[in-house]
Amino acid sequence: MATQPASRWQVRDDFSYHPRHHWCREQADGVLMGVTDYTQERAGDILYVSLPVPGETVRAGEPMGSIESGKWVGQLYAPVSGVVVAVNERVAADPRLLNRDPYEAGWIAVIRPDAAGSLDALWDADRYRAALEEMAEDL
Amino acid sequence: MNAPPPIYLAGGVDWMTTQTLYHGLAERGEEAVVLCWPTSPYVSLGCHEPYEDFRSGSGLAVMRRQVGGSLVYLDQRQVFYHVILSLARPGGPRSPEGWYRLALGPVVHYLRDLGWQAELRLPADILVDGLKISGNAGGQLGESIVVVGNLLLDFSPQEMAEARALPHPAMRSLFAESMGRHLTTLRARRPDISGQEVMRGLAAAFREDWGSKTAPIPWSRWREALAQAARKLTDPEWLLATRAGAGLGPVKVREGVYLQAVRRPDGLWIAEIDTGRSAVLRAWRTTPGLSEVLVDDEKAAWLLTPAGG
């Protein structure tokens with residue numbers, strides 16, 4: 001079976017990545033996070049998104065919300081442990097924003113981490129690209 | 001497929017158990033193929049669907065599942081299959097489409113063994129001769145992948161339409177009539193077929209395709225997980241979730257065919273839309289004091305625009 005090049009999915013150099021295909025970026029009020037281009041492309045048209053509530057405590061690697069496309073419900077995972085301080089209401093109102101612009105306008109939440117260095121355990125862009133290469137061979 | 005999941009022939013069970021089985025097994029991380037049907041009718045709401053879609057006046061029991069799709073009316077004239085697999089299964093699919101193809105392959109196989117032209121219509125309907133005979137949904141629950149669906153032995157479009165809240169009484173009869181044209185059932189083709197026979201046929205297809213074997217049901221091992229799932233699926237905070245803008249969204253008839261209602265100063269417009277062909281199949285306009293007017297496709301083409309014209 002022909003494999004598909006991993007380069008079909010955009011990976012931003014300046015972001016950190018969780019193995020479950022979420023991106024993160026540190027900013028003044030916490031860790032901004034969203035889903036990667038891979039997630040949105042594999043999901044197809046995203047019709048619904050369920051976001052955490054600001055003030056909610058989330059734990060790294062555990063579900064904090066969900067997305068639905070084509071009658072399929074996928075999980076949104078917290079990439080770091082901490083407290084949700086903001087969510088993107090535009091995504092709640094227009095879930096397809098996740099398809100159109102997953103790395104900018106389609107951000108999902110800001111999490112104030114409960115420990116310093118919380119991004120250290122995440123992958124850099126090169127490691128994430130390598131993981132996508134491996135997966136692309138199976139597609 | 002490595003280490004095939006066991007097949008459990010549950011048969012007729014109470015309505016809530018037909019839902020807690022797959023939620024509970026996913027929570028436990030147990031792989032399985034469960035075949036069953038409810039002994040009484042009920043309504044299942046989709047994970048993200050507004051509660052307002054349910055017509056509480058129908059008097060039906062209701063729960064909200066954790067997988068996708070929209071409101072469905074379920075009863076003892078349908079045979080359910082629940083496929084629960086580990087997300088980490090070696091060589092497992094990496095997309096919803098892949099999981100649907102894997103899990104529903106044996107169901108399509110069974111229908112073809114009956115001599116019918118069955119096909120999977122992505123994302124998740126199974127059609128026979130172009131008519132829907134099975135609806136499905138799926139998702140990730142914990143570390144498990146779940147694909148669930150039903151085969152229609154018999155189906156009453158009127159009962160389904162009665163369970164759905166709709167913006168105008170006229171839409172209820174249109175919805176029932178539209179389902180009648182786009183759906184079919186096993187008994188429409190084989191009047192003598194029974195639920196037991198379908199269950200055995202599905203089990204044989206999963207055995208042939210995956211190498212699965214039938215196993216006795218470990219009810220005592222599952223009891224606590226099923227009870228916990230029942231509490232979660234009917235918890236008011238979960239069940240009664242609403243959504244802004246509920247009420248005028250498209251109502252699905254089958255994959256690619258929807259009824260869409262739009263309110264305008266000249267009345268409530270209702271269209272049957274084929275999204276695959278971007279065509280209005282039929283349209284109606286309700287006007288106070290006048291009977292419903294059937295409008296030809298050309299005049300109702302504005303209903304295809306996202307904002308409804």
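Where chain B meets chain A, the contact draws 15 residues from chain B and 16 residues from chain A. On the chain B side, strand 9 (residues 131-141) gives the most, with four residues. Sorted by class, that side of chain B has six nonpolar, eight polar and one charged residues. Keep in mind that this is a predicted model.

**Nonpolar cores**

- The largest nonpolar core holds 51 residues, and Leu35(B), Val146(B), Val147(B) and Leu202(B) touch the most other members.
- Helix 2 of chain B (residues 96-113) gives the most to this core, with eight residues.
- Another core lies apart from that one; this core has 33 residues, including Trp9(A), Ile46(A), Ile108(A) and Leu132(A).
- In general terms, nonpolar side chains in soluble globular proteins tend to be buried together.
- Leaving out residues up to four places away in sequence, Leu35(B) touches Ile7(B), Leu9(B), Ala10(B), Val79(B), Tyr81(B), Met199(B), Leu202(B) and Ala203(B).

**Helix 2 against helix 6, chain B**

- Helix 6 of chain B (residues 195-210) and helix 2 of chain B have axes that come within 8 Å and cross at roughly 120°.
- That angle makes helix 2 of chain B oblique to helix 6 of chain B, since roughly perpendicular covers 65 to 115 degrees.
- The crossing of helix 2 of chain B and helix 6 of chain B is right-handed.
- From helix 2 of chain B come Gly105(B), Pro106(B), Val107(B), His109(B), Tyr110(B) and Asp113(B), and they meet Gly201(B), Leu202(B), Ala205(B), Phe206(B), Asp209(B) and Trp210(B) in helix 6 of chain B.
- By class, the residues in the contact of helix 2 of chain B with helix 6 of chain B split into seven nonpolar, three polar and two charged.

**Helix 1 against helix 7, chain B**

- Helix 1 of chain B (residues 17-28) packs on helix 7 of chain B (residues 219-234) at an angle of about 115°, and their axes are 8 Å apart.
- Helix 1 of chain B and helix 7 of chain B are therefore roughly perpendicular to each other.
- Here too the crossing, of helix 1 of chain B and helix 7 of chain B, is right-handed.
- Helix 1 of chain B brings Thr17(B), Gln19(B), Thr20(B), Leu21(B), His23(B), Gly24(B), Glu27(B) and Arg28(B) to the contact, while helix 7 of chain B brings Trp222(B), Ala225(B), Leu226(B), Gln228(B), Ala229(B), Ala230(B) and Leu233(B).
- The class tally for the contact of helix 1 of chain B with helix 7 of chain B is seven nonpolar, six polar and two charged residues.

Methods. Residues are numbered from 1 along each chain as its sequence is written. Chains are lettered from A and ligands numbered from 1 in the order in which they are written. This is a predicted model: local features need pLDDT of at least 70, side-chain atom pairs count only at pLDDT 80 or more; totals for chains, interfaces and linings use all residues. A nonpolar core is a set of buried Ala, Val, Leu, Ile, Met, Phe, Trp, Tyr and Cys residues joined through C-beta atoms within 7 Å. A residue is buried if 20 or more other C-beta atoms lie within 10 Å of its own, exposed if 12 or fewer, and partly exposed in between; C-beta atoms are placed from the backbone. Helices (H or I, at least four residues) and strands (E, at least two) are DSSP runs, numbered from the N terminus. Two residues are in contact if their C-beta atoms, placed from the backbone, lie within 7 Å. Axes are lines fitted to C-alpha atoms, for helices over the stretch in contact, and angles run from 0 to 180 degrees between N-to-C directions. Angles under 35 degrees count as roughly parallel, over 145 as roughly antiparallel, 65 to 115 as roughly perpendicular and the rest as oblique. A crossing is left-handed if the near helix is turned anticlockwise from the far one by less than a right angle, and right-handed if clockwise. Ala, Val, Leu, Ile, Met, Phe, Trp, Tyr, Cys and Pro count as nonpolar, Asp, Glu, Lys and Arg as charged, and the others, Gly among them, as polar.
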